Amino acid sequence: MDCSLIKTADLAEKYLHSRLDEAEMDAFETHLLECAACRRQLELLQSAQANLSERAHEIRTWTPVKPFFLRWQTMSVAALVVVVVAGAVAGAFFFRGKETEQTLTVQHIPSADERAAAQEKSNQATGIAEMVAPADVPNSEKRIDGLPLDGHNYVDFSHKNKGVGKTKGIAPKTGAAQSSGINLGKGPEKNSDRNVAEGSSETGSGQESTRVAKTDPKASQPIPSPHGEEAPTLTQAQGVELYHLGSTSAPAFTFSGFTSNEQNAEGAGDISSNARPAHAIDSRRTAFRDAMAAYLEGKYSDASGLLEQAALKEPGALDVQFYLGVCRLLIGQPQRAIEPLTNAAKVSSPVLQQQAHYYLAKAYMQSLRLKEAEDELRIASQLTGPLKNDASGLLKRLQAFRAQLAEN
Amino acid sequence: MTVDHPAATSSESLVARILCGERAAEEELVAQYGRAIFAIATVRTGNRDTARDLTQDVLMAVLKSVRNGQVRESDKLAAFIQGTARNLINNHFKTSGRRAETDLDPVESFSTDPIPELEAAERARLVQEELKRHSALDQQILLFSLVEGHSLAEIAERVKLSHEAVRARKSRLVRKLAKKFESLSQK
């Protein structure tokens, strides 16, 4: 093996990713021991890999900034469009006003009999309206204002996994998805374990149904709360608030987090790359690798299935448990997310432990086990890590929410 | 700062001097092969701390073998060291955490040399400095390639550039990094 072959065939990079066979690996390493230039090249790649791993989230979420002139052009076009549209609207109003004036001049003045008939018709219409909408239903129960969605009806809101409640700083651009297991709508529920009944008359009586994925027999077994806490009865407004509290996004993942089975078993496992800045992908962790590739593409359902296989191969790997829990959470199976996330919370690193507790709290919230969610958030807020502020803030909101529930 | 040993002492003479009991020759062997062994152990274990310990184990085992005359082909010392390193690293995984035991004299344990550590820190700083000087797109390309292990075709599709453009951007960035490294090596 010589330097030119190493350079042309990108052998150093392949070596870093464990893509050389045993014979090639031996030859490359022997050459490395004799050639300072190739050793330096490998060290360079290792350093770059370590640095990029540390800043992976920042780099991955970068979006291109348009040059100034482009923005200026866009703004000009937008301004022109606004002027044209405004002119058209103003013109339309102007001509319509003229027409109305003309209409008024020829308006028919009804006779006394005609006025009485119209009054009777109007009364009938009012009666129907009262039957449809009882007066004692407050407006806030029918339409929720002040939401981040600019007053969209929350029924629509429940069907769209919009980016509310995004966890600051930990969601990658690729593959990030908002999720909540709570469905407040009437419509078909696809990825939800819980379904809060919709409609003002139903919410008053606090009807609540638990819905589980038909394809998953495990999911149909409700997990009893060890605290003996009953699932709370929610109005729709409270359901929306809980949706906000419970919705979550995918935590970042970098491929440098791959570790060997032995290391996981020995060191109680690591969840992410932070502890090991630069090393090769372990070829033995193929199931985990495939799962995380799907995860990065946002295919959480596929990732969940692959992670289940990985969990069978590597029962002691806490990173597998963590991402399995997260994936189940993201595909709307919060009850099934609890067990793997509880396992993942046994990790030794406080930062990683915090992540596990935080997402476990989300799983409990989506399962309407609020007391346990509060306990988990309390632990997460006491641990050192990037989610400390998020956990503290969420804990306060959840405590306020529970206090409000208790009052009701 | 860096001390290279490319044309270093030929392995035959090194082995001969160690067999004669020359302590300086042992230190030369450590200086000549230590960094490469560490790089290999880092890639194979994925953990710098473990790699550091394993490097010590490999060097001690190699020295012991050379002293005892177990290196039959002294011109193939590098291959001998590579084989020793591979076996010890594999044993490390098999024993899952149990430290390899050697019966060498206590005086054999090599103190951690601060120079390589400082060099590594300096290298990391230079790499960061150079990477940040490049566009985020270039960094993304290197991230997808070097960290996530994607092929150039996959990256091209992901960043919406041609395969050739991605290849050019990546090789330009790596070349600049290498140039930066050369300046460090020449200091």
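Helices here are DSSP runs of H or I with at least four residues, strands are runs of E with at least two, and both are numbered from the N terminus. Residues are numbered from 1 along each chain as its sequence is written, while chains are lettered from A and ligands numbered from 1 in the order in which they are written. What you're looking at is a predicted model, in which local features need pLDDT of at least 70, side-chain atom pairs count only at pLDDT 80 or more, and totals for chains, interfaces and linings use all residues.

Let's start with chain A. Its tally is 19 helices and 3 strands. Of its 408 residues, 40% count as buried. To be called buried, a residue needs 20 or more other C-beta atoms within 10 Å of its own; with 12 or fewer it is exposed, in between it is partly exposed, and the C-beta atoms are placed from the backbone. Next come contacts, meaning pairs of residues whose C-beta atoms, again placed from the backbone, lie within 7 Å. Take the contacts in chain A with a separation of 6 or more: 64% of them link residues 24 or more positions apart.

How far can you trust chain A? The score to look at is pLDDT, the predictor's confidence in each residue, from 0 to 100. Chain A has a mean pLDDT of 67, with 55% of its residues reaching 70 or more. Within this chain, confidence is lowest in helix α9 (residues 154–159), at a mean of 33, and highest in α16(A), at 91. Residues 125–178 of chain A have a pLDDT below 50, and in the model this stretch makes 80 contacts beyond near neighbours in sequence. Residues 256–281 of chain A also stay under 50, and there the model has 92 contacts beyond four places in sequence. For the model as a whole, the scores are ipTM 0.82 and pTM 0.42.

Now zoom in on α16(A), which covers residues 334–344 and holds Arg336(A). Is Arg336(A) buried or exposed? Arg336(A) counts as buried because it has 26 C-beta neighbours inside 10 Å. Leu324(A) is 12 residues away along the chain, and its C-alpha atom is 9.4 Å from that of Arg336(A).

Over to chain B. This one has 8 helices and 0 strands. Of its 187 residues, 35% are buried. When you take contacts in chain B between residues at least 6 apart in sequence, 61% join residues at least 24 apart. Chain B averages a pLDDT of 78, and 81% of its residues score at least 70. Residues 1–7 of chain B fall below 50, with 13 contacts in the model beyond near neighbours in sequence. Another stretch under 50 is residues 97–111 of chain B, with 16 contacts beyond four places in sequence.

What about the inside? A nonpolar core is a set of buried Ala, Val, Leu, Ile, Met, Phe, Trp, Tyr and Cys residues joined through C-beta atoms within 7 Å. The largest one has 115 residues, and those with the most contacts inside it include Tyr295(A), Leu341(A) and Ile37(B). Helix α2 (residues 23–45) of chain B gives this core its largest share, 10 residues. Leaving aside residues up to four places away in sequence, Ile37(B) touches Thr55(B), Val58(B), Leu59(B), Ile81(B) and Ala85(B).

Two of those partners, Ile81(B) and Ala85(B), sit in α4(B), where they and Ile89(B) meet residues of α2(B), including Tyr33(B) and Ile40(B).

Helix α6 (residues 136–147) of chain B is mostly covered, with 9 of its 12 residues buried.

Finally, have a look at the backbone. Most residues other than glycine have a negative phi. Ser18(A) is not a glycine, but has a positive phi of about 55 degrees. Where is Ser18(A)? Ser18(A) is in the loop between α2 (11–16) and α3 (22–34) of chain A. Because it has 18 other C-beta atoms within 10 Å, Ser18(A) is partly exposed. In chain B, Lys160(B) has a positive phi too, near 60 degrees. Lys160(B) lies in the loop between α7 (152–159) and α8 (163–186) of chain B, and it is exposed because 7 other C-beta atoms lie within 10 Å.

Note on methods
Contact = placed C-beta atoms within 7 Å.
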